[in-house]
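Trainee: I have a structure open and want to learn how to read it. Can we go through some features one by one?

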Amino acid sequence: MFKRLADSSPAVGIIVDGKPVSARAGDTIAAALLAAGIGHCRTTPVTGAPRAPYCLMGVCFDCLVTVDGVGSRQGCLIPVREGMKVETQLGRREAGR
Amino acid sequence: MTASADLAPSYELVVIGGGPAGLAAAALAARAGVSTVLFDENPGVGGQIYRAITSTPVKDRAILGEDYWDGAKLAEEAKASGALIVNGATVWSLDRQRIVGISIAGKARMIEAGRVIIATGSQERPFPIPGWTLPGVMTAGAAQTALKAQGLVASGRTVLAGGGPLLWLLAAQTLRAGGKIDAILDTMPRRNWLHAMFHLPGFALSPYFGKGMALLKEVRAKVPIHRADTIEAVGADRVREVLFSSGGETRRLPADLLLLHQGVVPNVNLANAAGVAHVWNDRQLCFVPVLDADFGSSVPGIAVAGDGAGIAGGTAAAERGRIAAIAAVRALKPDCIVPDTQAIRQRLQREEMGRSFLDLLNRPVDAFRQPAGNTIVCRCEEVTANQVRDTAKMGCEGPNQMKAFLRCGMGPCQGRLCGLTVAELISAERGATLDEVGYYRLRPPVKPITLAELASLPISEAERKAVER
């Protein structure tokens, strides 16, 4: 969907759902996920549909992710940090979970 | 970086939002000698129009265009003014007593403000088409943000749809950055020209005339443009193709990325929650705050500057910020020396000239504002157009009652992406005016905060005892 212009920003390593992803300094979490080609970052609470960042300016809340164990964080507003753990936010609760 | 604990308990002026209006307001007030703090939720100042102005990796100035780089001066002036500028700061509450609830890096504070200037700007108008919630469908503004802040340019099969200055600007910027756009679906009907023509003289004199014409020429030379009466994003897990129809004929375009845009509207959430009165603006098809000549709102001591006061663009936003700041300084410290507003008002007038033309030319058609069928209206709670229409027909009179029936507007975005659509659908179904229908009554926290953040609020001995009694 997106490619990076030639850019010399230093690499920043983050962990997305347990897998290492290389981001760049200056990336927000949402931008890093888009650049890495990750398909969706959350599922919805009502139907469990996949969602990805939509507005990238803090209004749509479709980029909600779990960051270092805290849920419902706006990925488009939080800069990446070395070693940051990002998880897909699962919306629909299953019985027994 | 400023931490929550570093903030003073009160400031004479609190400016909320670090776009052109906020930067200009903070710079002017601080230079005049007023203690000023500017809170902005993004990692850096600039707002949306000058997004990442101090950090963008896009070094070739031609890509984003000279208008973008105008923002550097505003950012420098604000930095040099002595105003405290705090990024990564989320304002989640503002009340009529001008107590500002703020959260920085997970720590909350309540700050008292002598005066408040809300400069929270605009957001893109909802564009509710079938499939607009699919991954791969984004706003044109989102793609522009990714380009400015991270140097990400659209790749793969890319379709733009809608209309308005930002759509064409993004197209030009993407092409200049080496991106490819497969098609633009123009949803603005030709008859808009008839209504807009009366206002052409004003537009022809405004600075936007020449720029707009050059932009259209640049994009049209490189991208196929199709008219579209209906648009649908199709795919299971993500968008795979875009269906559009024109004159009864339906066509399909394979797509990896669909970028939507049909204008911008004021971001009303914080002002609404603070109790600021709003009215429907029929030319801009949105709710705008009721403001006096100095951008003072119906709540004493709270002003709304920038595009949050009604859409007029980035340069006008800065002038509005200055006018609001002068009023604040005069109220706080009548002895301070401030610039004369007359010259500023003249510049503002020049910027606003031609806005009627742009509004009418880029007025989105009803079908793209008032969807039908199973099209999702509320993205958070997945409420459809039919559900909203049927509930309005049953007798539901306004958006607040609609929340109780359907939960629309009650998800994390707090109505930002459905409020206008729900209000317009109720108005259409019930034959009531938008002022009669009204908007969601918003309440703090206007941004989600954790219980831990609330619990981190400093508490005095007296307050602690009052609770335990």
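Trainee: Where is Cys41(A) placed in chain A?

Mentor: Look between helix 1 (29–35) and strand 4 (42–43) of chain A; Cys41(A) is in the loop there. Keep in mind that this is a predicted model.

Trainee: Is Cys41(A) buried or exposed?

Mentor: Count C-beta neighbours. A residue is buried if 20 or more other C-beta atoms lie within 10 Å of its own. Cys41(A) has 26 such neighbours inside 10 Å, so it counts as buried.

Trainee: Which residues is Cys41(A) in contact with, beyond its neighbours within four places in sequence?

Mentor: Leu33(A), Arg51(A), Ala52(A) and Pro53(A) are among them. The list also includes Cys63(A), Val65(A), Gly75(A) and Thr88(A). For a distance, take Gly58(A): its C-alpha is 15 Å from that of Cys41(A), and 17 residues separate the two in sequence.

Trainee: Now the whole chain. How many helices and strands are there in chain A?

Mentor: Chain A has one helix and eight strands. Along the sequence the pattern reads β-β-β-α-β-β-β-β-β.

Trainee: What does the radius of gyration say about chain A?

Mentor: Compare it with the value for a compact globule. For 97 residues that value is near 13 Å, and chain A has 13 Å, so the two agree. The C-alpha atoms fill a box of roughly 45 × 25 × 20 Å along the principal axes. Buried residues make up 46% of the chain. Now take contacts between residues at least 6 apart in sequence: 40% of them join residues at least 24 apart.

Trainee: How many residues of chain B are in contact with chain A?

Mentor: 42 residues of chain B, and they meet 36 residues of chain A. On the chain B side, strand 7 (122–124), strand 8 (137–139), helix 4 (140–150) and strand 9 (152–154) each give two or more residues. Helix 4 of chain B gives the largest share, six residues. By type, the chain B side divides into 18 nonpolar, 15 polar and nine charged residues.

Trainee: How do I describe two packed helices?

Mentor: Use the angle between their axes and the distance between the axes. The crossing is right-handed.

Trainee: Which residues make the contact?

Mentor: Helix 14 of chain B brings Ala385(B), Val388(B), Arg389(B), Ala392(B) and Lys393(B). Helix 16 of chain B brings Val422(B), Leu425(B), Ile426(B), Glu429(B) and Arg430(B). Six of these contact residues are nonpolar, none are polar and four are charged.

Definitions and conventions:
Residues are numbered from 1 along each chain as its sequence is written. Chains are lettered from A and ligands numbered from 1 in the order in which they are written. This is a predicted model: local features need pLDDT of at least 70, side-chain atom pairs count only at pLDDT 80 or more; totals for chains, interfaces and linings use all residues. A crossing is left-handed if the near helix is turned anticlockwise from the far one by less than a right angle, and right-handed if clockwise. Helices (H or I, at least four residues) and strands (E, at least two) are DSSP runs, numbered from the N terminus. Two residues are in contact if their C-beta atoms, placed from the backbone, lie within 7 Å. Ala, Val, Leu, Ile, Met, Phe, Trp, Tyr, Cys and Pro count as nonpolar, Asp, Glu, Lys and Arg as charged, and the others, Gly among them, as polar. A residue is buried if 20 or more other C-beta atoms lie within 10 Å of its own, exposed if 12 or fewer, and partly exposed in between; C-beta atoms are placed from the backbone. The radius of gyration is taken over C-alpha atoms; the globule rule is 2.2 Å times the number of residues to the power 0.38.
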